[in-house]
Amino acid sequence: MSPTPEERLCELEFRLAHQEDHIQALNDTVNRQQRELESLRTQMEALRQRLAEVMATGLPQDPSPEPPPPHY
């Protein structure tokens with residue numbers, strides 16, 4: 001026995017509701033990941049700038065080298 005048109009409509013509405021929920025959950029995940037990605041890009045750029053500054057000024061040199069450990 002095949003389902004009635006009303007049963008088919010109910011099943012389609014049920015599936016549609018679940019698909020809409022899944023699509024919204026996926027959209028929320030993509031939006032959260034986009035915000036995280038932008039934050040990471042900002043942090044990466046700040047680190048690049050800081051590295052460029054350190055490389056331009058040179059690393060500080062320790063005037064007194066550390067003596068070797070006693071077992072040498």
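Reader: Where do E38 and R41 lie, and how many residues apart are they?
Author: Both lie in helix α1, three residues apart. That is about one turn of the helix. The model is predicted: local features need pLDDT of at least 70, side-chain atom pairs count only at pLDDT 80 or more, and totals for chains, interfaces and linings use all residues. Residues are numbered from 1 along each chain as its sequence is written, and side-chain values use heavy atoms, with hydrogens and water left out.

Reader: What makes the contact of E38 with R41 a salt bridge?
Author: The term asks for a side-chain nitrogen of Lys or Arg within 4 Å of a carboxyl oxygen of Asp or Glu. For E38 and R41, the closest N and O atoms are 3.1 Å apart. That is within 4 Å, so the pair qualifies.

Reader: How many salt bridges does this rule give?
Author: Four. Among them is R15 with E11, at 3.0 Å from N to O. Another is E36 with R32, whose closest N and O atoms are 3.1 Å apart.

Reader: Why are R15 and E11 about one helical turn apart?
Author: Because they are four residues apart in helix α1, which covers residues 5–57. E36 and R32 are also separated by about one helical turn, because they are four residues apart in α1.

Reader: How do you know whether the span of α1 agrees with its number of residues?
Author: The expected span is 1.5 Å times one less than the number of residues. For the 53 residues of α1, that should be 78 Å. Its end C-alpha atoms are 77 Å apart, so the two agree.

Reader: Why is E36 called partly exposed?
Author: Buried means under 20% relative accessible area, exposed means over 50%, and partly exposed is in between (1.4 Å probe, protein chains only). E36 has 41%, so it falls in between. E38 stands at 36%, R41 at 48%. Both are partly exposed. E11, at 36%, counts as partly exposed as well.

Reader: Which class do A25 and L37 fall into?
Author: A25 lies in helix α1 and has 41%, so A25 is partly exposed. L37 is placed in α1 and has 36%, so L37 is partly exposed.

Reader: What share of the chain is buried?
Author: Buried residues make up 0% of the 72 residues.

Reader: How do you know how the chain compares with a compact globule?
Author: Take the radius of gyration over C-alpha atoms; the globule rule is 2.2 Å times the number of residues to the power 0.38. For 72 residues the rule gives a value near 11 Å, but the chain has 30 Å. The C-alpha trace spans about 90 × 35 × 10 Å along its principal axes.

Key:
Helices (H or I, at least four residues) and strands (E, at least two) are DSSP runs, numbered from the N terminus.
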